[in-house]
Amino acid sequence: MLPAFASAATIKVTTHADELDAVPDAKCSVREAVQSANTNGAVGGCPAGSGQADTIELGKGHYSLTIPSTNEDANVNGDLDVDGGKVVFRGKGDGVTDINTNLADRIADTFNATPVTFEDIQLFSGDVTSLGTGSGRGGDIRASEGGVVTLSRATVNHGEAYVGGGLYLNGPVGLPGKLKVTRSTFITNHSTGLGGALDVVGDVTSKISKSRITENTVTDTTGSSEGGGVSNRGTKMTISDTEFVENSATGDDMQAAYGGAIHNADGSELAVRRSLFEGNSASAPTAGYFEGGGAIFTIANAAPVSITNTTFYGNSVGLPNGKGAAVYISSGSVIVANATFNANGTESLLEEANGYLLVRNSMLQGFDPCVGTSIDSGDYNVASFDDPECDFQPEDVTSLSTFGFKTGNPETNGGETRTIALKKSSPAIDLIPKPFCDVTDREDQRGYKRPKRNCDSGAYERKAKKPN
């Protein structure tokens, strides 16, 4: 006879109140539901968890955490402490269901590599800045002991922390972590150290797809500000079909700023595909202090960084010390392929300091396209100037006064992210010979198929076909 296995439990929350009753009543709060999942026993009016993949179902409306925090880790007060089998928080939709707090604490804290998923739900207003530099990590979500954190159709909003304004995930030795973000939004989160929206560190692999990282900020009062949107200090991060809009890293007085949208450090591998960076900035208010990487700053050392089928528009670095309005490479090798750069400030567009940069099949509109001594053209670029530091070759087209953009700014042209469309008169049309169109798997930023002949430079293919 086969042994019996416990099936996953569904724990339905029946009250919006925050309670953990010593004497059970008929109501099941979100805190009691978490405790049921943690202990595999009935708590309050909630059924017992199973120790398997328990789902906590929330209805419409606001679920506010109101029991004053003592910073304990047993789910008694303050944030929700998740420690057991896998837990899925499932709402009725972003904008329909939310968990929020006005306490000096976060929304959810996970322990012992517990997998946790947030689905069709919004989390907002966690604030751990008062906990200091050690504990003040992850304004809305913290997973400091590895595990898998998944966000699906979720919003992380208005989190405040020293590191990881919205989310912090650490994969210490022996406790690897994974971050999976799909069709989700990080908006108006803030950190006072690094990672305005999120920070991952250690043995962590991250995948962010079909999402929006927007209006997140980092401003450090004691050191440099790093990663207005994302701080990647993990093993590998893959970003696809995602928009980074108006994120900023701002140095406080006498402090520098690195990476308005992304700060990629500590030997972390980074791959960006079919994405948009618009209006991100890195700036320092004090003259003489570094401000670099309006969109991306990378100090990857030996880890590779690739950027393909991606648009950079309206990103900037502060004056007069700004470097790399779109991308700044402090170390490591970066390959840029089929990217479109337009209207990214007045400082250098792509700057390489101690690494290596290869640019191919791209559109480089800018006053100073390249700065650096280790930059190669992979051919078939179009550029505003014949910049010797770009190492342009006869196959490149330079000294252009017009690029043949339809509007010049990103618009909805199909696909997951906005793109800059081309006129049929653009010099980028059919510039790339057929054998060299394969570097992007013959697709453009929208995921549309490039033709099986010559193709266009940049992220947008004028005659691409929409997939079935």
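Predicted model: local features only at pLDDT ≥ 70, side-chain atom pairs only at ≥ 80, totals over all residues.
Visitor: How many disulfides does a search of the whole structure find?

Guide: A disulfide is read from a pair of cysteine sulfur atoms within 2.5 Å. Here the search finds three. With the bonded cysteines numbered in sequence order, they pair 1-2, 3-4, 5-6.

Visitor: What does the link of Cys28 and Cys46 look like?

Guide: The sulfur atoms of Cys28 and Cys46 are 1.8 Å apart. The link is right-handed, with 100° about the S-S bond.

Visitor: Where do Cys370 and Cys390 lie?

Guide: Cys370 is in strand β44 (residues 368-371), and Cys390 is in the segment after β46 (382-383), 20 residues apart. Their S to S distance is 2.0 Å, and the link is right-handed at 100°.

Visitor: Is the link of Cys437 and Cys455 left-handed or right-handed?

Guide: Handedness is read from the angle about the S-S bond; for Cys437 and Cys455 that angle is -110° and the link is left-handed. Their sulfur atoms are 2.1 Å apart, and both residues are buried.

Visitor: Which residues form the positive surface patch?

Guide: Lys and Arg count as positive. The patch consists of Lys86, Lys178, Lys180, Lys207 and Arg273. Lys86 is in the loop between β4 (80-82) and β5 (87-90).

Visitor: Why does Lys86 count as partly exposed?

Guide: Exposed means over 50% relative accessible area and buried under 20%. Lys86 counts as partly exposed because its relative accessibility is 37%.

Note on methods:
Residues numbered from 1 in each chain as written. Heavy atoms only, no water. Patch = residues over 30% accessible without salt bridge, like charges linked within 9 Å, V, L, I, M, F, W, Y side chains within 5 Å. Areas by Shrake-Rupley, 256 points an atom, 1.4 Å probe, with all protein chains shown as cover. Salt bridge = Lys/Arg side-chain N within 4 Å of Asp/Glu carboxyl O. Charge placed at Lys NZ, Arg CZ, Asp CG, Glu CD. Helix = DSSP H or I, 4+ residues; strand = E, 2+ residues; numbered from the N terminus. Buried < 20%, exposed > 50% of the residue type's maximum accessible area, 1.4 Å probe, protein only.
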